[in-house]
Amino acid sequence: RLPWRNWSGSQQCFPAARVAPASVAELQELIATAKGPIRAVGAGHSFTALVPTEGTIVSLSRMSGLVAHDRQSLQATLWAGTRLGDVGAPLEQVGQALVNMPDIDEQTLAGCFATATHGTGADIGCMSTFIEGLQLVDARGELVDCDRQRNPELFQAARVSLGALGIVTQVRLQNVAPYRLLRETIWREFDDILAIADSEVAKHRNFEFYYVPFS
């Protein structure tokens, strides 16, 4: 039994098994036959206690990459185990780019959607708002496809499910054409940041600041 911990060390456990299926069929068999709790694990970025278990931890790290794309709609389907940092290049090759993304790109797609991970921007939703369809394996081991027309209630719930509805295997994202962003980093005193925060949010597509006291 190997220990598991998230990146901050705030969540830890000793699961009975740690598995990484390489296909949907393997995942279905695993879920249908496993005894005890099953928890999906992404990159371990979340602070919340979604993963710790004495049962089975499932990683989708072997189910990664671009599955399909549509040049007309600018939509692309990706395996849910794909890391955010590995999304940009394959999307650019098919003339697409994510609408927005977090400043930490280690998370898996399934993990960041399930926990409502976000980027910045007053007029830009969290990552899950860009999902147009998804595929998941439910607790019976059955494969379910859903979008706004097929299983619409499940689709809306599964976009930010905290892993409660099954394990998401694929996501279809609404993207945009490739674009460039100019990033500017400025160091200021805390009171100065607060004084300009509202105006900076209004002027720029993305704005954020970090306050690190006692440093």
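Guide: What follows covers these topics in turn. The model is predicted, so local features need pLDDT of at least 70 and side-chain atom pairs count only at pLDDT 80 or more, while totals for chains, interfaces and linings use all residues. Residues are numbered from 1 along each chain as its sequence is written, and side-chain values use heavy atoms, with hydrogens and water left out.

Visitor: Which residues touch the most other members of the largest nonpolar core?

Guide: They are Leu 27, Phe 113 and Leu 134, in a core of 31 residues. A nonpolar core is a set of buried Ala, Val, Leu, Ile, Met, Phe, Trp, Tyr and Cys residues joined through side-chain atoms within 4.5 Å. Buried means under 20% relative accessible area, exposed over 50%, and partly exposed in between (1.4 Å probe, protein chains only).

Visitor: Which elements give two or more residues to this core?

Guide: Among them are helix 1 (24-33), helix 3, helix 4 (152-158) and strand 8 (131-137). Helices (H or I, at least four residues) and strands (E, at least two) are DSSP runs, numbered from the N terminus.

Visitor: What does Phe 113 touch?

Guide: Beyond residues up to four places away in sequence, Phe 113 touches Met 127, Ser 128, Ile 131, Arg 159, Val 160, Val 171 and Leu 173. Contact means heavy atoms within 4.5 Å.

Visitor: And Gln 170, buried or exposed?

Guide: Gln 170 counts as buried because its relative accessibility is 14%. This residue is found in strand 10, and its contacts outside four places in sequence include Trp 79 and Leu 134.

Visitor: Changing topic, how many disulfides are there?

Guide: The count comes to 0 disulfides, a disulfide being a pair of cysteine sulfur atoms within 2.5 Å. For Cys 126, the nearest cysteine sulfur is that of Cys 112, 9.0 Å away.

Visitor: Now the second largest pocket: how much space lies in it?

Guide: About 870 Å³. On a 1 Å grid over the protein atoms alone, a pocket is an open set of points where a 1.4 Å probe fits, with protein on both sides within 12 Å along at least five of seven lines; lining residues have an atom within 4 Å of a point. The volume is the space filled by probe spheres set on the points, which are joined across faces, edges and corners.

Visitor: Which residues lie nearest its centre?

Guide: Of the 45 lining residues, Arg 39, Ala 40, Val 41, Gly 42 and Val 51 lie nearest the centre of the second largest pocket.
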